Amino acid sequence: MITLTENAVAAVKAALSRADEPAEGFRMMVEAGGCAGLKYLMGLESVSREGDAIMETDGVKVFVDANSQPHLAGMTVDFITDLESSGFVFDNPNARDKCACGKCFG
C-alpha cells in the first residue's frame, strides 16, 4: 500500500530511537484541511487500532486507518535533507492537486 524509501526508513528509525514513550512504528493519516483540501498527518504509534492496515519495511511498521487507506494506496514516502530544509516528501498517485508546501493534496 505505502512504499518507504531507504531514507524514510532511516528517519523513522531515528525518531523511534529518540521517542520518550516506546513506539512500535508510525501512523499515517489523511485529515480534511490544509490548503488543498486534505492533509497528511504522521506520528509515532505504539499499537494498532481496529481497522488498521499494517505494513512493514525493514523493521519499520506503518499503521493506516481504514478511512485513510484509499487516499494513501500506492504512495511512496521519502525523506530528504538539503541546504534549505529537510522532511518527508509524499509521492501520491491519488492526489489530483498538490499544494506548494507538499503536505496537502486534493
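**Group meeting: core, sheet and salt bridges**

Let's start with one residue. Glu 24 counts as partly exposed, at 39% relative accessibility. Keep that residue in mind; I'll come back to its partner. Bear in mind that this is a predicted model.

First, the layout. The protein chain has two helices and eight strands. Along the sequence, the pattern reads β-α-β-β-β-β-α-β-β-β. Of the 106 residues, 33% are buried. Take the contacts with a separation of 6 or more: 50% of them come from residues 24 or more positions apart.

Now the inside. Nonpolar side chains tend to be buried together in soluble globular proteins. Here, the largest nonpolar core has 19 residues. Those with the most contacts inside it are Ile 2, Leu 4, Met 28, Val 62, Leu 72, Met 75 and Val 77. Which elements give two or more residues to this core? They are β1, α1, β2, β3, β4, β5 and β6. Look at Val 62 in your viewer. Leaving out residues up to four places away in sequence, Val 62 touches Ile 2, Leu 4, Phe 26, Met 28, Ala 53, Ile 54 and Met 55.

Next, a sheet. Three strands form an open sheet in the order β1-β6-β7, with mixed pairing. β1 and β7 are the edge strands, each pairing on one side only. On average, neighbouring strands here are turned by 25° against each other, direction ignored. β6 and β7 pair in the antiparallel sense, over six bridges. Thr 81 stands opposite Ser 86 in β7. Helix α1 lies across β1, β6 and β7, and runs at about 70° to β6.

Finally, charges. The structure holds five salt bridges. Back to Glu 24: its side chain meets that of Lys 61 in a salt bridge, 2.6 Å from N to O. Glu 24 sits in the loop between α1 and β2, and Lys 61 in strand β5, so the pair ties together parts 37 residues apart in sequence. Lys 61 is partly exposed, with a relative accessible area of 22%.

Arg 27 and Glu 45 form another salt bridge, with the closest N and O atoms 2.6 Å apart. Arg 27 lies in strand β2 and Glu 45 in strand β3, so this pair ties together parts 18 residues apart in sequence. Are these two buried or exposed? Both are buried.

Then there is Glu 31 with Lys 39, at 3.5 Å, N to O. One last item: salt bridges that share partners join Arg 27, Glu 45, Arg 49 and Asp 52 into one network.

Conventions: Residues are numbered from 1 along each chain as its sequence is written. This is a predicted model: local features need pLDDT of at least 70, side-chain atom pairs count only at pLDDT 80 or more; totals for chains, interfaces and linings use all residues. Side-chain values use heavy atoms; hydrogens and water are left out. A nonpolar core is a set of buried Ala, Val, Leu, Ile, Met, Phe, Trp, Tyr and Cys residues joined through side-chain atoms within 4.5 Å. Buried means under 20% relative accessible area, exposed over 50%, partly exposed in between (1.4 Å probe, protein chains only). Helices (H or I, at least four residues) and strands (E, at least two) are DSSP runs, numbered from the N terminus. Contact means heavy atoms within 4.5 Å. Two strands pair if DSSP finds at least two bridges between them. Axes are lines fitted to C-alpha atoms, for helices over the stretch in contact, and angles run from 0 to 180 degrees between N-to-C directions. A salt bridge is a side-chain nitrogen of Lys or Arg within 4 Å of a carboxyl oxygen of Asp or Glu.
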